[in-house]
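Hi,

Here is the structure I said I would pass on. Have a look at it first, and then read my notes below.

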Amino acid sequence: MGMSKLTKSVSINQLSELPGVAGTVLKENPKARVFAFRGPMGSGKTTFIKILCEKLGVEDKTGSPTYALVNEYQGRAGVKLFHFDFYRIKNQQEVLDIGFEEYLDSGAYCFIEWAENVSSFLPDDYIEIILSMKEGERIISFPIST
């Protein structure tokens, strides 16, 4: 990542806490458009992205774009959001074939699951969100503006 930022970690005990955390992530990173989500299978990446989409005004049903690699959503005031899932990506050519770089340059929100599989394509100013689980608690870590 380009500039070093402070990171905040929040522990989540129930789903009802997620909208508040999603709001904080967006408020702390107001100019950010590319968000990379890292965490083990089952750590809640898809669920958290869904809540971020809702915060940005998406009314469609959201889900993980497992087979298509990318889903597109419309938020409020013409905001576009793209949700990527690179869990099953076979090679870097596949990333180029779906036009990943154009998505990243589009100015739309890009929420990327399994971003470690496409790390060479990520811009310098991406926001990394780490989801982890510790003793039954979910922990979400994200950068905050200083």
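**Helices on the sheet**

Helix α1 (residues 18-28) lies across β1, β2 (34-38), β5 (109-113), β6 and β7, and its direction makes an angle of about 15° with β7. Before you go further, keep in mind that this is a predicted model.

The other helix to look at is α2, which covers residues 45-55. α2 lies across β2, β3, β4 (80-85), β5, β6 and β7, running at about 170° to β5. Which residues of α2 are buried? They are K45, F48, I49, I51, L52 and C53. As background, an α-helix has 3.6 residues a turn, so residues three or four places apart point the same way. After α2 comes G57, which has a positive phi, near 95°.

**The sheet itself**

Now for the strands. There are seven of them in an open sheet with mixed pairing, in the order β1-β7-β6-β2-β5-β4-β3. β1 (6-12) and β3 (70-74) are at the edges with a single partner strand each, so one side of each has no neighbour in the sheet. From one strand to the next, the twist averages 20°.

- β6 (residues 127-134) and β7 (residues 137-144) run antiparallel and are joined by five bridges. I130 has S141 in β7 as its bridge partner.
- β3 and β4 also run antiparallel, again with five bridges. Here Y73 has L81 in β4 as its bridge partner.
- β4 and β5 run parallel, joined by five bridges. Look for H83, which stands opposite F111 in β5.

The hairpin of β3 and β4 has five residues between its strands, and A77 there takes a positive phi near 55°. As for β4, five of its six residues are buried, so the rest of the structure largely encloses this strand.

**Salt bridges**

How many salt bridges does a search of the whole structure find? It finds three.

I'd start with R38, which is linked with E116 and E128 in a network of salt bridges. In the pair of R38 and E116, the closest N and O atoms are 3.7 Å apart. R38 sits in strand β2 and E116 in the loop between β5 and β6, so this pair ties together parts that are 78 residues apart in sequence. The side chains of R38 and E128 also meet in a salt bridge, at 2.2 Å from N to O. Since E128 belongs to strand β6 and R38 to strand β2, that pair ties together parts that are 90 residues apart in sequence.

Is R38 buried or exposed? Its relative accessibility is 16%, and buried means under 20%, so R38 counts as buried. E116 is partly exposed, with a relative accessible area of 33%. E128 counts as partly exposed too, at 23% relative accessibility.

Then there is the salt bridge of E72 and K80, whose side chains meet at 3.8 Å, N to O. E72 is partly exposed at 47% relative accessible area, and K80 is partly exposed at 37%.

That's what I have for now. Happy browsing!

Technical notes. Residues numbered from 1 in each chain as written. Predicted model: local features only at pLDDT ≥ 70, side-chain atom pairs only at ≥ 80, totals over all residues. Heavy atoms only, no water. Buried < 20%, exposed > 50% of the residue type's maximum accessible area, 1.4 Å probe, protein only. Helix = DSSP H or I, 4+ residues; strand = E, 2+ residues; numbered from the N terminus. Pairing = 2+ DSSP bridges. Axes fitted to C-alpha atoms, helices over the stretch in contact; angles between N-to-C directions. Contact = heavy atoms within 4.5 Å. Salt bridge = Lys/Arg side-chain N within 4 Å of Asp/Glu carboxyl O.
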